[in-house]
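Please look over the sequence and the structure shown here. A short briefing on selected contacts comes after them.

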Amino acid sequence: MIRRRLPLLLSLVLALPAAHAIEFTPQELARASTLQRTLLTLDSHLDTPANLARPGFDILQRHAHNALSQVDYPRMVEGALDGGFWAIYTDQGDRTASAHRAERDHGLQRLLEIREMLAAHPDRFQLALTADDAARIKAAGKRVVYISMENASPLVADPDLLSFYHQAGLRMLSTAHFANTEFADSATDPKGAEWNGLSPAGKALVQAAVQRGIVIDQSHASDAVFDQLLAMLPVPFVLSHSSAKAVYNHPRNLDDARLRQLAAKGGVIQVNAYGGYLLDPGASAERKQAEQALEQRLGGWDRMGIEKGTELATALAELDQRYPVRKATLDDFFAHFEHILKVAGAAHVGIGLDWDGGGGVVGLEDVSDLPKITAWLQRKGYSDAQIAGIWGGNLLRVMRQVQAYAAQDSAR
């Protein structure tokens with residue numbers, strides 16, 4: 001099942017820079033890297049767990065210029081990324097009982113793969129459970145691994161598994177992805193709303209998560225879900241990877257009124273770099289069919305070995321010549337980023353670029369490029385404290401509030 005990766009990789013593979021693309025001097029990038037290494041730098045949406053079981057993939061090896069990988073340990077070091085939220089993502093099935101059992105099993109398998117990575121490399125990675133853990137892990141010279149779940153489908157067959165996931169490290173949860181679930185409406189289901197927001201089961205799941213100190217992630221869910229979360233939650237919530245509807249009117253993006261409401265609630269929006277949410281790439285039906293045929297020829301996204309990444313890159317470049325599309329650039333990312341910073345305020349903005357899940361644009365192609373974001377913030381005059389908040393402090397503040405509420409609630 002094609003998820004979302006091929007259309008976005010088209011903007012990354014052998015793409016020519018756009019005219020008048022933003023550039024940074026070596027001095028600016030060096031200054032940015034120096035600051036960034038002193039900060040706690042976290043990304044709230046890493047789809048890298050999808051690669052952990054991929055044949056030939058090694059998290060400790062540099063897989064640069066590979067269409068299948070944007071995050072590994074060497075590039076995290078190079079880009080001064082301390083870690084973030086590593087997502088348990090599960091494709092949406094047909095919502096039959098057998099599909100829900102398969103999703104349950106897939107989620108548990110992905111959780112196991114994350115825990116196996118931690119066990120295999122205790123000198124490089126460490127599980128984080130509280131908001132304060134991240135700074136301690138960074139100080140020990142390791143990379144931070146919080147665990148999140150994108151799409152709650154693994155919980156449909158057995159919602160009580162939430163307790164197990166929490167014990168195993170889950171600290172962020174979203175309710176839906178591309179399509180409606182038993183828990184919530186998606187922003188992008190072509191059938192439209194089913195629940196007009198959260199279902200009764202979805203409300204119960206959200207409440208159970210908050211009682212355990214799990215941060216709620218609204219990304220991918222409908223605006224109605226946003227409105228209900230705003231009204232029902234006693235704590236702030238986040239959008240782990242979303243952008244601005246005022247810049248590009250896509251249902252996955254957030255409008256200015258809701259950006260202001262999120263900030264008033266104390267929440268945070270983590271700006272993403274998924275090109276299809278930054279602009280309309282204008283892919284033709286022929287282009288989409290060719291992408292599907294390419295993925296099938298290479299064995300399917302999940303089954304491709306890491307060595308297929310080079311072949312995939314070449315084939316995508318050839319498709320780009322036959323069926324041109326508009327490519328999202330670093331300028332497009334900064335247009336969304338700047339707008340959201342102005343509307344929501346720097347205290348309510350962070351970074352969630354959707355690496356290894358379709359994220360990245362021309363000029364911001366893997367985690368080694370992250371100092372460009374810091375350089376832009378410095379150029380715009382943001383203070384070191386504001387930059388520290390954007391790179392992780394704002395997100396951890398929400399997490400700290402949610403966990404404090406859960407502790408107080410359990411003591412009552």
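The notes below cover salt bridges, one aspartate in a loop, a helix pair and one alanine.

This is a predicted model, in which local features need pLDDT of at least 70 and side-chain atom pairs count only at pLDDT 80 or more, while totals for chains, interfaces and linings use all residues. Residues are numbered from 1 along each chain as its sequence is written, and side-chain values use heavy atoms, with hydrogens and water left out.

**Salt bridges**

- The structure holds 27 salt bridges, each being a side-chain nitrogen of Lys or Arg within 4 Å of a carboxyl oxygen of Asp or Glu.
- Lys245 and Asp223 form a salt bridge with an N to O distance of 3.3 Å. Lys245 is in the loop between β7 (238–242) and α9 (256–265) and Asp223 is in helix α8 (residues 223–232), so this pair ties together parts 22 residues apart in sequence. Helices (H or I, at least four residues) and strands (E, at least two) are DSSP runs, numbered from the N terminus.
- Asp227 and Arg258 form a salt bridge, with their closest N and O atoms 2.9 Å apart. This pair links distant parts of the chain, with Asp227 in helix α8 and Arg258 in helix α9, 31 residues apart.
- A network of salt bridges links Asp223, Asp227, Lys245, Asp255 and Arg258.
- Buried means under 20% relative accessible area, exposed over 50%, and partly exposed in between (1.4 Å probe, protein chains only).
- Arg75 and Asp72 meet in a salt bridge of 2.7 Å, N to O, and both residues are buried.

**Asp356**

- Asp356 lies in the loop between β9 (349–351) and α14 (371–379).
- Asp356 is buried but has no salt bridge, and the nearest side chain of opposite charge, Arg75, is 6.2 Å away. Lys and Arg count as positive and Asp and Glu as negative; His and the chain ends are not counted.
- A polar atom of the Asp356 side chain lies 2.6 Å from the backbone nitrogen of Gln70.

**Helices α11 and α12**

- The axes of helix α11 (residues 285–297) and helix α12 (residues 308–322) come within 11 Å and cross at roughly 160 degrees. Axes are lines fitted to C-alpha atoms, for helices over the stretch in contact, and angles run from 0 to 180 degrees between N-to-C directions.

**Ala64**

- Ala64 is in the loop between β1 (42–46) and α3 (73–78), and is partly exposed at 22% relative accessible area.

How values were computed. A polar contact is a pair of N or O atoms within 3.5 Å; within protein, one must be able to donate a hydrogen and the other to accept it, and residues adjacent in sequence count only if both atoms are side-chain atoms.
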